Amino acid sequence: MSSMTNAPASLPCWWLSSPPLSLLLTGISVLRAVQMEPDMLAGPYRMPVVALLALHAGTTLCAVLYFVTWKGLASRLPLLHRLFGLSAGIGGAKTLFVALAIVRALFVAGHPLPATGSALEVMLALLLPAGNALLWPAFGLALCAAAAFGGVYGTQWLVLRRQQDDFGRDHYNFTLPWCAAWGMYGTVVMLAPLGYVLWRALSQVSPTFGVLPPLVPFALCIIAPLLCLTCSMAVTRSATPMRLKPAITVAVLAAIAGTAGVLSTLLSLSRIG
């Protein structure tokens, strides 16, 4: 019980920096895109870009409030505290969807956003593409990856905080395999949408698969999830999981590399239909 009551005390230090950092990276990406396309904010992309930044800022605020008020609101106003957390989770999913939709609009052939139209018309064209658009399975893949890699990152967090939060051997013998199992089963579920998204992207560019993306990112799309799955499985089956720090680190690096590989592959195809 003492481990559970003391655990939240160490979380805000990590999470207070993560959401603002994510927002900063989004701002830098938008700034870079505007530098490459100076007319972006004067055309139909202005409203989507503003919506993306506003959603991300609101999500960051809710996430920070959730962890800052962990000790205060969690005990006195639990419903409000949960509302902050729920808003951060839903806001994160919405931010991810808008970001993917903007990337699709930038790369899809034919520029799907109306050059002249109201803000509502632009947002509807952005967020409601055809039912067979690759945006929908790509978003499903992103959600599966976020859920799967959350468990993988959790194992690394427990290892990094081992000296500061020493909850005893039994605690880590339970939580490490639990987080690893979360990552393992989540990765298994993720493989189906991953294969479908890659097949759709490749077949749309070249039905005969005569045009292939760069080999290294494409290989990462396949090898990295399998490596993450293997390492997570080893942790779940170990009686002493804390001794498998190298496998835990490899799983985290594989999760990061796999995400980068998927994004690079999709962008290199220059078309997200």
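Of the 273 residues in the chain, 41% are buried. The model is predicted. Its accessible surface amounts to about 14,800 Å², and carbon and sulfur atoms account for 72% of that area. The chain holds eleven helices and zero strands, so that, under the definition of helices and strands as DSSP runs, the pattern along the sequence reads α-α-α-α-α-α-α-α-α-α-α. Among contacts with a separation of 6 or more, 75% join residues 24 or more positions apart.

**Nonpolar cores**

In soluble globular proteins, nonpolar side chains tend to be buried together. The largest nonpolar core in this chain has 22 residues. Leu141, Phe149, Val152, Cys228 and Val262 are the members with the most contacts inside this core. At least two of its residues come from each of helix H8 (135-160), H9, H10 and helix H11 (245-268). The most is given by H11, which supplies seven residues.

Leu141 can be followed in more detail. Beyond its neighbours within four places in sequence, Leu141 is in contact with Met190, Pro193, Leu194, Val197 and Val262. Val262, like Leu141, is listed among the core residues with the most contacts.

**Nonpolar surface patch**

Nonpolar residues also occur at the surface. Leu191, Ile222, Ile223, Leu226, Leu227 and Val250 form a nonpolar patch there, and together they have about 470 Å² of accessible area. Helix H10 (residues 215-237) contributes the largest share of this patch, four residues. Leu191 is located in helix H9 (residues 169-205). This leucine counts as partly exposed because its relative accessibility is 30%.

Thr60 is placed in helix H4 (residues 46-68). This threonine is buried because its relative accessible area is 8%, and the cut-off for buried is under 20%. With residues up to four places away in sequence not counted, Thr60 touches Pro19, Pro20 and Leu23.

Gly27 lies in helix H3. Its relative accessibility of 28% is why Gly27 counts as partly exposed. Gly27 and Leu53 are 26 residues apart along the chain, and 7.3 Å separates their C-alpha atoms.

Pro44 is found in the loop between helix H3 (18-36) and H4. Although it sits in a loop, Pro44 is buried, with a relative accessible area of 15%. In sequence, Pro44 and Pro114 are 70 residues apart; in space, their C-alpha atoms are 6.7 Å apart.

The table lists relative accessible areas for residues discussed in this report.

| Residue | Relative accessible area | State |
|---|---|---|
| Thr60 | 8% | buried |
| Phe67 | 12% | buried |
| Pro44 | 15% | buried |
| Tyr66 | 21% | partly exposed |
| Gly27 | 28% | partly exposed |
| Leu191 | 30% | partly exposed |

**Aromatic pairs**

The count of aromatic pairs comes to six. One of them is formed by Tyr66 and Phe67, with an edge-to-face arrangement: the ring centres are 4.9 Å apart and the angle between the planes is 85°. The two members fall on either side of the 20% limit for burial: Tyr66 is partly exposed at 21%, whereas Phe67 is buried at 12%. Elsewhere, ring pairs link Phe97, Trp136 and Phe139 into a cluster.

Technical notes. Residues numbered from 1 in each chain as written. Predicted model: local features only at pLDDT ≥ 70, side-chain atom pairs only at ≥ 80, totals over all residues. Heavy atoms only, no water. Patch = residues over 30% accessible without salt bridge, like charges linked within 9 Å, V, L, I, M, F, W, Y side chains within 5 Å. Areas by Shrake-Rupley, 256 points an atom, 1.4 Å probe, with all protein chains shown as cover. Salt bridge = Lys/Arg side-chain N within 4 Å of Asp/Glu carboxyl O. Buried < 20%, exposed > 50% of the residue type's maximum accessible area, 1.4 Å probe, protein only. Core = buried A, V, L, I, M, F, W, Y, C linked by side-chain atoms within 4.5 Å. Contact = heavy atoms within 4.5 Å. Phe/Tyr/Trp six-rings, centres within 6.5 Å; stacked < 30°, edge-to-face > 60°.
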